[in-house]
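Here is a walk through a structure, one chain at a time. Keep the 3D view open and follow along.

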Amino acid sequence: MAKFFRWLSGLFGNRPKPEKKMDTANTAPLTEDQLKAIVNNQNVQFELQQLVSAAGQSVGKQRELNEDSVLAITTTMAGNSGNLPFGLYIVADGMGGHQFGEVASNAAIRTVAGLVLKKFHPYLFQVKTDSIEESFQEIMSDAVNEAQRIIQREAPGSGTTLTAALVLGQQITIAHVGDSRANFIYPDGRIETVTRDHSLVQRLQELGHITPEEAENYPHRNVLYKALGQGDLLEPEIFSIAFPQPGTLMISSDGLWGVVAEQDIIHAVNEAPNLQRACQNLVSAANAAGGPDNISVVLAQLIG
Amino acid sequence: MRLSNIAGQTIIGWDWRKALETRIFPELSDDDKGEENAAPKSQLQAGVTLAKRYLIQEVVGLGGMGSVYRARDMHFPNVNKLVAVKEMIISAPDPLVRETIVQNFEREANLLATLHHPSIPKIYDYFTLESRSYLVLEFIHGKDLEAVISDASGFLLEEQVLTWAVALCDVLDYLHKHKPDPIIFRDMKPSNIMINSSGELMLVDFGIAKAFQTGIKGTMIGTEGYSPPEQYRGEATQAADIYSLGATIHHALTRRDPRLEPPFSFAERPIKRINQSVSSELEVIVERALEYDPVNRFKSAAEMRDALTALARKTGILVRAGSLPATPVNTDGIKPLWKFKCEDEIRGTPTISQGALYIGSYDNNLYSLDASDGKFQWKYPTDGGIVSCPTVVDGNIYVGSEDKILHVVSARSGKVVWTYYTEGPIRSSPRIADGHVFIGSDDKYLHAVNMNTGRMVWRFETADAIRSTPFVMNDMIYFGGETGDYYAINFRAEIKWRFRAKRAITSSTVGTGQAVYFTSMDGTLYALDPRNGWVLWRYRLGKSSISTPCIVDDLIITGAADGFIYAVEAKSSKEAWRFRTEHQVNGSPVIYKDSLYCGSVDGNLYCLEYRTGRLRWKFSTEGAITGTPLVYDDVVYVGSTDHNVYALLA
């Protein structure tokens, strides 16, 4: 095991940095547009890259039940132009009475992962391989709508958040409902939230009815206006975005992001020798802060 | 886990709501059809008699918990008395939940039995058989308001919406004045309003209507977009019903479904901005009903009804069918800076370099004009029409012609430098990169030509004509063909990946590192991963398209043969706006500063605000505009099939 960690830390932690050479050539300054075009097109690569991931979960310190569900699957798939990294990462945070929260979050993960994997990896289900007609966004949208239907049938009255990231090559397609979050964490210490919480408190801030400070102590912080399993017309947020390179994709429930300060999250991710350890550190930090809610986190990086 | 800070009882309140969320007679949506296919066994078949009395005729609707049937009441054997049978299948495994669901079903029945109002359906019977409960109601021959709104080809008439709004205030007033306790409907929305064949309305689905008891809070999460802010805090009051009614009217007047928008965002979508024919007076009333703070809304449904009827009387809108004129748009008075007449149609796109404008025409000539005054400088004759857009590099102009030849002409003199022969007419435009000219031809090949020598470096064979212009990014060439095949090849003509659309791809490609975008005759705007050809998203256009998209900020904007210019968000593939022209949009939009310029076969050049799609001005020509305008230094240049090139102030 120790050897394994040494190997991993060699891989992620202490990679030898290439020596920097001073650029002494004279260059003409680029215009704003030229710079923008270069930046936009910079991350186009055709080589196979390594996708790595880890997940962490804890019931927390104050709950008896875990109503969160997590899924992290990392593999490769044969694509149009060779093998591509494939990843499916989901966090679902269940809610509702009668212990139905975990039924909902579980059904969400089961349904979404089942349908998406069946599309991309049909051999896992012993079904015939067909070419894929739909776009990534259509596949995610269909899966979320099916999960909505299943939850309404199996656990009427309950609901769940869902933040699901389908990674194929350098593309992340995210389906998002509720207030679990997808974040990008960069090695230079920046963190970016790429999803938008479907919570009352977030919406009131957007409308300017409350300030971020008031939001911190808002009594209905937990109230969502959109959740999987609820409402008769669900419009999940679905979008495609480039994988941060270099950087880390983090998906977490509010038991993590609502409890651990951003600076501590960045530190835990960027200073850990590997992703597994980073997940452990994040879960520990949430528990150390009182662990008021279930804690779930998935981390993923695209290397190379 | 969530909601732990809210009493358990209120969560059950939410369960009730879900459990009873069954719509009566909605038109079948696509989702519903899927559900029908998924579980046909659970539905009662036509011909079955329920409780020895109700002969099932057909399914007329589907809800979250079961179906709604039209049935004949056999206790009236001599007349055809139709009833609606609303079914609820209790599939929840938890016995407590099951019991709660049944109790509430009966609660809805008992509540309905005490109500007498022309806009509330009469209840005849209810019963439970094993794990299914049934409610027998007055049958309403019609469809729900949601279907009425979505089926309408344009906006509903203000007078019609006003009539319904008055009727809804009336029924809310009745419920709110109910004794001993007022009834809060709590779920006012278009799908709960049935419109019968004579245009009268009925409020259906009393599943969550609640007798109002002060001091007890209920909880709502995951509302439908019609709910007021305070409902999230667990307050269900008369003011909440008024807000939801305002939201319903807003939806009916604007055709914008609030469930697809962020909550409480009505103020961001003023009615008159979307539907200019609505009177300001009605807009003010709806805005008041939608006030964020309940104290600023109408005090009661009766007060709102009085405001609506006063408006109807004052403006005479109930007797006047016409609508107010739309805000005038500046359509006249735009004079071109100059125009230049060729001898035949111009279908292509101009280019500008060193103060000269170059454009091809179907009179077979390539023209050089002084960009500042349109003065003729020289023309270069070919033996075919020119639709290809000229490209200028290092003082040479590259252009394809339907004479099958790629011509290279000196920009200064208009004299030929070299020519390159293909075996088919050229409609594609040259793309120059890495010392090569890449161009498609109707001879089915993509040609790579050395730009100094004019010699072929290679040609890449496809199955049909290539009329799109190749797009070069990161040492890759992207182009579509008339077979619907789309190719990504490298500079050595090695194919990297291929994609197939359902019909021809005449549109050229635009791209970023994240995606390449193009349209197809199959009526789709595609976003593909440039590295491997996986489809990120597809956006359905109303009709086929040959328009090349443009990228600006986070928007992809393109035209289609249905006459619309569409703006779609690059990340989410959601429509940001669309703008209707009077005929096909075959050329491409271009962006200059905060405006978008695009021609249409209707003969107009449109200038829109690109963030909103709002019309700034339009300029009409005598013929179709099929090319793409060019904007340079605050001047727009565009060719028309009326033979003219126009220069306009941007």
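Two strands count as paired if DSSP finds at least two bridges between them. F518(B) stands opposite Y526(B) in β31(B). Keep in mind that this is a predicted model.

Now look at the strands around that pair. Strand β30 (residues 516-519) of chain B and strand β31 (residues 524-528) of chain B run antiparallel, with four bridges between them. The two form a hairpin, and four residues lie between the strands. In the turn, G523(B) has a positive phi of about 80°.

Strand β29 (residues 510-511) of chain B pairs with β30(B) in the antiparallel sense, over two bridges. One bridge joins V510(B) to Y517(B) in β30(B). A hairpin through four residues links β29(B) to β30(B).

Which way do the side chains of β30(B) point? V516(B) and F518(B) point one way, and Y517(B) and T519(B) point the other way. Are they buried or exposed? All of them are buried. Buried here means under 20% relative accessible area.

Step back along chain B to another set of strands. Here an open sheet of four strands has the order β25-β26-β27-β28 (chain B), with antiparallel pairing. β25 (471-473) and β28 of chain B stand at the edges. Each has a single partner strand, so one side of each is left without a neighbour in the sheet. Neighbouring strands of this sheet are turned by 15° against each other on average, direction ignored.

Strand β27 (residues 485-490) of chain B pairs with strand β28 (residues 495-500) of chain B over five bridges, in the antiparallel sense. I489(B) has I495(B) in β28(B) as its bridge partner. Y486(B) has F499(B) in β28(B) as its bridge partner. The hairpin of β27(B) and β28(B) has four residues between the strands. Among the residues of this hairpin, A493(B) takes a positive phi near 65°.

What does chain B look like as a whole? Its secondary structure comes to ten helices and 43 strands. Of its 650 residues, 59% are buried. Take the contacts in chain B between residues at least 6 apart in sequence: 49% of these join residues at least 24 apart. The accessible surface of chain B is about 25800 Å², and 49% of that belongs to carbon and sulfur atoms.

Turn to chain A. Its secondary structure comes to nine helices and eleven strands. Chain A has 304 residues, of which 52% count as buried. For contacts in chain A with a separation of 6 or more, residues 24 or more positions apart account for 71%. The accessible surface of chain A comes to about 13900 Å², with 50% belonging to carbon and sulfur atoms.

Two places in chain A deserve a stop. The first topic is a surface patch. Y123(A), L124(A), F125(A) and V127(A) form a nonpolar patch on the surface, and together they have about 380 Å² of accessible area. F125(A) sits in the loop between α3 (100-120) and α4 of chain A. F125(A) counts as partly exposed because its relative accessibility is 32%.

The next topic is helix α4 itself. E154(A) lies in helix α4 (residues 136-154) of chain A. At 29% relative accessibility, E154(A) counts as partly exposed. E154(A) and G229(A) are 75 residues apart along the chain, yet 9.7 Å separates their C-alpha atoms.

Key
Residues numbered from 1 in each chain as written. Chains lettered and ligands numbered in written order. Predicted model: local features only at pLDDT ≥ 70, side-chain atom pairs only at ≥ 80, totals over all residues. Heavy atoms only, no water. Buried < 20%, exposed > 50% of the residue type's maximum accessible area, 1.4 Å probe, protein only. Contact = heavy atoms within 4.5 Å. Areas by Shrake-Rupley, 256 points an atom, 1.4 Å probe, with all protein chains shown as cover. Axes fitted to C-alpha atoms, helices over the stretch in contact; angles between N-to-C directions. Patch = residues over 30% accessible without salt bridge, like charges linked within 9 Å, V, L, I, M, F, W, Y side chains within 5 Å. Salt bridge = Lys/Arg side-chain N within 4 Å of Asp/Glu carboxyl O.
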